Amino acid sequence: LLFISSGSASAQSVGMHSRALELLPREQEIELAISAAPEHLRKEATVYVFGKKGYEKARTGTNGFICLVNRDGAQSGDNTLRPTCWDMEGSASIVPVMLRVGELLAQGKSAEEIKRDIDTGYSDGHFHEPRKTGIAYMLSGDVKKFDTKTGKVMSLGFPPHYMIYAPGVTNADIGMSKEGYKINPSLPAVYSGYSGGSHTAYIIVLASEDKGQMVH
């Protein structure tokens with residue numbers, strides 16, 4: 001995820017332009033989305049699910065957290081599913097970007113078109129960076145393969161982790177390098193993601209293994 005490219009999950013076609021995106025049964029998508037959060041936050045979180053027109057709200061929560069199965073890598077050919085739950089700050093700043101990306105993906109827009117749209121959104125003030133430190137949980141990791149028959153995660157592309165908002169921060173700023181990652185992959189590292197670039201950069205910290213956080 002941080003320094004090497006990950007493989008693609010099997011996918012179905014969505015939209016007129018046949019962009020490869022995996023559509024999950026609604027209830028399975030909800031369960032996968034909230035599995036990203038610590039258990040005590042799941043019940044009261046707002047949840048979005050992905051459909052043929054992009055993301056739509058499946059339920060309204062009360063604790064300020066928003067959970068969805070992020071597919072923003074699909075614009076670059078990476079169909080890994082990334083269940084993520086953002087806190088209040090991320091819900092106000094990063095989630096609107098993710099929702100817009102989902103809308104554009106469903107329309108079959110190219111990676112270049114999506115990047116240009118998001119960049120314009122930042123330049124005209126429609127989007128903004130996180131204004132304070134916060135966290136997005138990804139306690140189910142990055143899902144490379146999900147079995148819709150059983151509702152189980154079959155393969156992970158990256159293990160469970162926490163993401164601390166760090167707009168504008170680079171790996172060099174925290175002393176991380178490819179060599180350092182090879183020596184110790186558990187060290188924190190900066191990930192800028194596919195959407196928003198440095199505006200949506202995170203410091204990634206691996207979570208301790210907890211099978212209770214995974215989808216069963």
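1. A word on terms before we start: a residue is called buried under 20% relative accessible area, exposed over 50%, and partly exposed in between, using a 1.4 Å probe and protein chains only. On that scale Ile-203 is partly exposed, because its relative accessible area is 22%.

2. Please keep in mind that this is a predicted model, in which local features need pLDDT of at least 70 and side-chain atom pairs count only at pLDDT 80 or more, while totals for chains, interfaces and linings use all residues. Numbering runs from 1 along each chain as its sequence is written, and side-chain values use heavy atoms, with hydrogens and water left out.

3. Now the overall picture. The protein has six helices and 12 strands; these are DSSP runs, numbered from the N terminus, with helices being H or I of at least four residues and strands being E of at least two. Of its 216 residues, 49% are buried. The accessible surface comes to about 10400 Å², and carbon and sulfur atoms own 51% of that; such areas come from the Shrake-Rupley method with a 1.4 Å probe, and for residues only the protein chains shown count as cover.

4. Contacts deserve a look too, a contact being heavy atoms within 4.5 Å. Among contacts with a separation of 6 or more, 62% join residues 24 or more positions apart.

5. Back to Ile-203, which sits in strand 12, residues 202-206. Leaving aside residues up to four places away in sequence, Ile-203 touches several others, including Tyr-162, Met-163, Ile-164 and Val-190.

6. The structure holds five aromatic pairs. Rings of Phe, Tyr and Trp (its six-membered ring) pair if their centres lie within 6.5 Å, and planes under 30 degrees apart count as stacked, over 60 as edge-to-face and the rest as tilted. Phe-50 and Tyr-55 are edge-to-face, because their planes stand at 70°, with ring centres 5.0 Å apart. Phe-50 is buried at 5% relative accessible area, and Tyr-55 is buried at 14%.

7. What about Tyr-165 and Tyr-202? Their planes meet at 50°, so the pair is tilted, and the ring centres are 6.0 Å apart. The pair links distant parts of the chain, with Tyr-165 in strand 10 (residues 161-165) and Tyr-202 in strand 12, 37 residues apart. Tyr-165 is buried at 5% relative accessible area, and Tyr-202 is buried at 6%.

8. One more aromatic feature: Phe-65, Tyr-137 and Tyr-162 form one cluster.
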